[in-house]
Amino acid sequence: MKIEPECIPCLVERGYKEASRAAKNKEQLIQIMVKVLEVLGKNISSQVAPAYLGTLRDRIIKQMLGEDPYKELKKVSNKLALEILPFMEKFAFENFSKDEYECFRRVCMVSVAANSMEFDVLGYEFKPENLKEALQNLELTVDNLSETYRHLKNSKKALILTDNAGEIVFDGLLAECLRNMGLKVTMAVKAEPILNDATMEDALMVGVDKKVDELTTIGTDSVGLLWEEASEEIKKKFMDSDLVIAKGMG
């Protein structure tokens, strides 16, 4: 995805909110934002991807803060997701033995709705009640689930590229469903903290390692998946998979 003009204020606003979470004082916050604006200004063009710019921005913020500004918020997100998990499991799996496609559809809806667990996005504020509400009111603008299901019936390998902490709990349900359908499932998280994205620490904390065949990382801390920075291992898994579910691509 190439950058659109409206991406620019969003990139700046999110950087400001992120830095504000851990800046020691006003002076440090100003210094961080000056550097963020400098780097964004040097790298913005009509051909660049927002994920690349977001990666540059967040690396600057982490470096200047000396810590992960979302560390505690990710723990809260994981805890909240685990509390809601029984409700989501019942919604997704209660009729699996009778209707495999309906289970697949429902677990995909859960995974999509869980993407509402996002923070510091311009014009959006996540609240815990948003999650159940998002699930109950979710309508897919583009709905290719029936075609995807038919494709999966002849597939052997799936790769899930995860997005946020908390959200990863429900991606585990998707992985469980795919494995029940006979697929080998690999899940890849971020190698280091970036935004509120899930890392290996988050994945192990919520137990998704028990719901996949293999848990790995993308080999870097990029927003989305920057191919030029991704590990050779994840590139190979990407190319070898019959299905890639890519979430949080920036």
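1. Aspartate 197 sits in the loop between strand 2 (184-189) and helix 9 (200-206). Helices (H or I, at least four residues) and strands (E, at least two) are DSSP runs, numbered from the N terminus. The model is predicted, so local features need pLDDT of at least 70 and side-chain atom pairs count only at pLDDT 80 or more, while totals for chains, interfaces and linings use all residues. Residues are numbered from 1 along each chain as its sequence is written, and side-chain values use heavy atoms, with hydrogens and water left out.

2. Is aspartate 197 buried or exposed? Aspartate 197 counts as buried because its relative accessibility is 3%. Buried means under 20% relative accessible area, exposed over 50%, and partly exposed in between (1.4 Å probe, protein chains only). The side chain of aspartate 197 makes a polar contact of 2.5 Å with the side chain of lysine 190. A polar contact is a pair of N or O atoms within 3.5 Å; within protein, one must be able to donate a hydrogen and the other to accept it, and residues adjacent in sequence count only if both atoms are side-chain atoms. Neighbours within four places in sequence aside, aspartate 197 is in contact (heavy atoms within 4.5 Å) with Lys74, Asp163, Asn164, Ala165, Lys190 and Asp202.

3. Leucine 195 is buried, with a relative accessible area of 7%.

4. Aspartate 120 also has a positive phi, near 65 degrees, and is not a glycine. Aspartate 120 lies in the loop between helix 5 and helix 6 (129-137). Its relative accessible area is 11%, so aspartate 120 is buried.

5. Now helix 1. The buried residues of helix 1 are Cys7, Leu11, Arg14, Gly15, Glu18 and Ala19. They cover an arc of only 125 degrees around the axis, which puts them on the same side of helix 1. The arc is that of the directions from the helix axis to the C-beta atoms. These buried residues pack against helix 2 (26-43) and helix 3 (50-65).

6. The whole structure holds three aromatic pairs. Rings of Phe, Tyr and Trp (its six-membered ring) pair if their centres lie within 6.5 Å; planes under 30 degrees apart count as stacked, over 60 as edge-to-face and the rest as tilted. Phenylalanine 104 and tyrosine 149 form a tilted pair, 5.9 Å centre to centre with 40 degrees between the planes. Phenylalanine 104 lies in helix 5 (residues 100-113) and tyrosine 149 in helix 7 (residues 145-152), so the pair ties together parts that are 45 residues apart in sequence. Both residues are buried. Tyr101, Phe104 and Tyr149 form one aromatic cluster.

7. Tryptophan 227 and phenylalanine 238 are an edge-to-face pair, because their ring centres are 5.3 Å apart and their planes are at 75 degrees. Tryptophan 227 is partly exposed at 36% relative accessibility. Phenylalanine 238 is partly exposed too, with a relative accessible area of 27%.

8. Threonine 216 lies in strand 3. Threonine 216 is buried, with a relative accessible area of 8%. Which residue does its side chain join through a polar contact of 3.3 Å? The partner is the side chain of glutamate 233. Sequence neighbours within four places aside, the contacts of threonine 216 include Thr186, Met187, Ala188 and Val189.
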